[in-house]
Amino acid sequence: MNEKEQSERLNEIVDRLLGREKQPQLIPDWPSLPFDTSRPNIHDSKKEFLRELAVVESIVNNLESVLEQVEVPEGQASTETDEMFKRLRTAIEVAAIQRKHSMAISKPGDLAVKNIYDTGFVAGSMHVVAEMYFIYSQRLIELRDQEKQFWIVSNRPPNYYARTVALRLARLYARETGKFPTYGTSREGNFPSTDFGRALEEIFKILKIRASVQNAAKWALGQLTEDDLAPQKNALLGFMGIRPGGG
């Protein structure tokens, strides 16, 4: 099975598990995975691991600080705050328009930035910041998982790749359905009896993970918390005086 075929099979399994409609492939020749199936980044030393952890924590904290500056807490909006945000938004948009006129488009990244300028720099740039916050936060979760598994125990556990894939699938399921996945075995034999378990078993076969599906699934389900059920917070609500239901 080549990379493209593997991607298609994984997407079919996850779409079926989550009840999704089949999504069109925006770039036909570029495999798009439904979730990260790479092996966890096992650092060569604790020093190397801690360096990355510190950098990612700093990025997440700084991005969160940026978003907090532009979010008006519910019930705390005021005429003065609204006016300040309007003045700031106008000044930033004027500067963005001036900057756009001097831009040269020579590579795909330039076009992506120009699209933000063309569609409104203030809101567009903050959407990018919000997406950065979400993506870097996911990496921070991964690193903290690695810390528990690799750097504060005496021995590295076997089949960590199996555990990682199971946990990523479990979190994806919880985030999209708002429910914790479940795992059970059939009365007719030692094989999965739930949709999540069957999907995980198929994924293990595709990725050639030779490990107990039951052990990996039960470990992953034990790591889930209520935070995994919470939808991603829209950090832009209240941005520049925009509140739910507002313009």
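Me: At what angle do helix 1 and helix 6 pack, and how far apart are their axes?
Reply: Bear in mind that this is a predicted model. Helix 1 covers residues 3-18 and helix 6 covers residues 160-177; they pack at about 40°, with axes 10 Å apart.

Me: How do I put a word to that angle: oblique or roughly parallel?
Reply: The general idea is that angles under 35 degrees count as roughly parallel. Helix 1 and helix 6, at about 40°, are therefore oblique to each other.

Me: And the handedness of the crossing of helix 1 and helix 6, right or left?
Reply: That crossing is right-handed. On the helix 1 side the contact is made by V14, L17 and L18, while helix 6 brings L169, L172, Y173, E176 and T177.

Me: Let's pick T177. Which helix is T177 in, and is T177 buried or exposed, or in between?
Reply: T177 lies in helix 6. As for accessibility, buried means under 20% and exposed means over 50%. T177 has 28% relative accessibility, so it counts as partly exposed.

Me: Which backbone atoms lie by a polar atom of the T177 side chain?
Reply: A polar contact is a pair of N or O atoms within 3.5 Å. For T177, the backbone oxygen of Y173 lies 2.7 Å from a polar atom of its side chain, and the backbone nitrogen of K179 lies 3.2 Å from a polar atom of that side chain. Y173 also takes part in the contact with helix 1.

Me: How far apart are T177 and L229, in sequence and in space?
Reply: They're 52 residues apart in sequence, and 8.0 Å apart in space from C-alpha to C-alpha.

Key: Residues are numbered from 1 along each chain as its sequence is written. This is a predicted model: local features need pLDDT of at least 70, side-chain atom pairs count only at pLDDT 80 or more; totals for chains, interfaces and linings use all residues. Side-chain values use heavy atoms; hydrogens and water are left out. Axes are lines fitted to C-alpha atoms, for helices over the stretch in contact, and angles run from 0 to 180 degrees between N-to-C directions. Helices (H or I, at least four residues) and strands (E, at least two) are DSSP runs, numbered from the N terminus. Angles under 35 degrees count as roughly parallel, over 145 as roughly antiparallel, 65 to 115 as roughly perpendicular and the rest as oblique. A crossing is left-handed if the near helix is turned anticlockwise from the far one by less than a right angle, and right-handed if clockwise. Contact means heavy atoms within 4.5 Å. Buried means under 20% relative accessible area, exposed over 50%, partly exposed in between (1.4 Å probe, protein chains only). A polar contact is a pair of N or O atoms within 3.5 Å; within protein, one must be able to donate a hydrogen and the other to accept it, and residues adjacent in sequence count only if both atoms are side-chain atoms.
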